[in-house]
Amino acid sequence: MVNLKLEPKVLEVLKEKIQLIKTDEGAIYLVGPIQLPVELYGETVVFQWYCWLNRCEITGNYLEIIDQLSSANLAEYQQSSVLVYGDFENADDALIRMHSICHTGDIFGSKRCDCGYQLKQSMKSIAENGTGALFYLANHEGRGIGLFSKAMAYVLQENGYDTVEANESLGFVDDSRNYEDAIQVLKTLRTKPVKLMTNNPKKLDALKNAGLPVSGREPLWGDKSEYNEKYLQTKIQRSGHLEEEGTCPND
Ligand SMILES: [Zn+2]
């Protein structure tokens with residue numbers, strides 16, 4: 001039962017911008033495109049932004065979904081989103097990045113990892129490429145362990161554990177990230193192959209195995225410092241990341 005009384009105009013406007021994507025567990029409701037001008041290395045770059053929400057119920061009556069929003073406490077959870085640039089649907093050569101949320105790196109600019117650098121650099125590369133998309137995956141904090149557990153893992157790292165050991169000591173598998181939703185959204189926005197920006201061949205395989213049409217891989221290294229040297233080395237030595245000649249590791 002829908003309790004919310006919306007002005008007809010409100011539903012009319014929103015309906016135009018919502019897409020229903022059916023999944024095995026229910027549905028993804030994708031809202032966008034929304035114009036998002038972004039400050040990027042001193043220039044303003046205009047992206048198209050989409051955000052999505054997973055729900056169990058599958059309905060084309062979006063009023064049912066809108067009706068739940070005010071009581072769903074969404075700010076207590078994370079929602080993922082994607083920044084799209086250029087003619088993403090039709091262009092031949094699109095560059096994409098599946099970026100795992102990193103509260104400390106992306107927001108605070110922490111130098112313990114290279115996430116903040118990779119986020120900005122991938123947005124820049126996408127704009128320079130002419131088209132592409134940056135998926136910002138909100139349930140991927142700390143490779144899927146969550147922010148609080150990541151803080152605990154950092155404490156262990158300050159006591160000599162490497163990234164992988166720290167996560168495993170807390171009872172987590174090294175990498176529990178899932179890309180299914182993002183791939184569903186990607187397939188809704190584009191069916192042609194994409195080139196993936198990553199240094200992580202496992203990520204490339206995971207995405208290919210999940211049905212992502214990939215035409216190639218582009219490395220994304222940079223921002224090496226005394227603070228993240230060990231973290232980057234662990235990525236290469238323990239997590240199988242590919243080191244690029246003359247540069248240094250991330251992802
Ligand atoms: Zn990070």
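**Cavities, a zinc site and some backbone details**

By the cavity rule used here, the count is two cavities of 30 Å³ or more. The model I am showing is a predicted one. I will start with the largest cavity, which holds about 340 Å³ of space.

Which residues lie nearest its centre? The lining of the largest cavity has 26 residues, and those nearest the centre are Cys-115, Gly-142, Arg-143, Lys-150 and Tyr-231. Several elements supply at least two lining residues each: strand E5 (94-100), helix H4 (115-129), helix H5 (141-144), helix H6 (147-157), H7 and helix H10 (229-237). H6 gives the most, with four residues.

Next, the metal. The zinc ion is coordinated through SG atoms of Cys-102, Cys-113 and Cys-115, at 2.2 Å. Along the sequence, these donor residues follow the spacing C-x10-C-x1-C. Are Cys-113 and Cys-115 buried or exposed? Cys-113 has a relative accessible area of 2%, so it counts as buried. Cys-115 is buried as well, because its relative accessible area is 11%, and buried means under 20%.

Now the surface. Phe-148, Met-152 and Leu-170 form a nonpolar patch there, with about 310 Å² of accessible area together. Leu-170 sits in the loop between helix H7 (163-169) and helix H8 (180-189). Its relative accessibility is 34%, so Leu-170 counts as partly exposed.

Helix H8 also contains Leu-189. This leucine is buried, because its relative accessibility is 10%. From Leu-189 to Ile-34 there are 155 residues in sequence, and 14 Å in space between the C-alpha atoms.

The peptide bond from Gly-32 to Pro-33 is cis, with omega near 0 degrees. Pro-33 belongs to strand E2 (residues 27-40).

Two residues have a positive phi without being glycine. For Tyr-41, phi is about 50 degrees. Tyr-41 is in the loop between E2 and strand E3 (43-55), and counts as partly exposed because its relative accessibility is 47%. For Asn-73, which is not a glycine either, phi is near 60 degrees. Asn-73 is in the loop between helix H2 (62-69) and strand E4 (81-85). With a relative accessible area of 47%, Asn-73 is partly exposed.

That is the end of my part.

Methods:
Residues numbered from 1 in each chain as written. Predicted model: local features only at pLDDT ≥ 70, side-chain atom pairs only at ≥ 80, totals over all residues. Heavy atoms only, no water. Patch = residues over 30% accessible without salt bridge, like charges linked within 9 Å, V, L, I, M, F, W, Y side chains within 5 Å. Areas by Shrake-Rupley, 256 points an atom, 1.4 Å probe, with all protein chains shown as cover. Salt bridge = Lys/Arg side-chain N within 4 Å of Asp/Glu carboxyl O. Buried < 20%, exposed > 50% of the residue type's maximum accessible area, 1.4 Å probe, protein only. Donors = N, O, S within 2.8 Å, 3.2 Å for Na, K, Ca; no water. 1 Å grid on protein atoms, 1.4 Å probe; cavity = no way out; pocket = protein on both sides within 12 Å on 5 of 7 lines; lining within 4 Å. Points joined across faces, edges and corners; volume = space filled by probe spheres on them.
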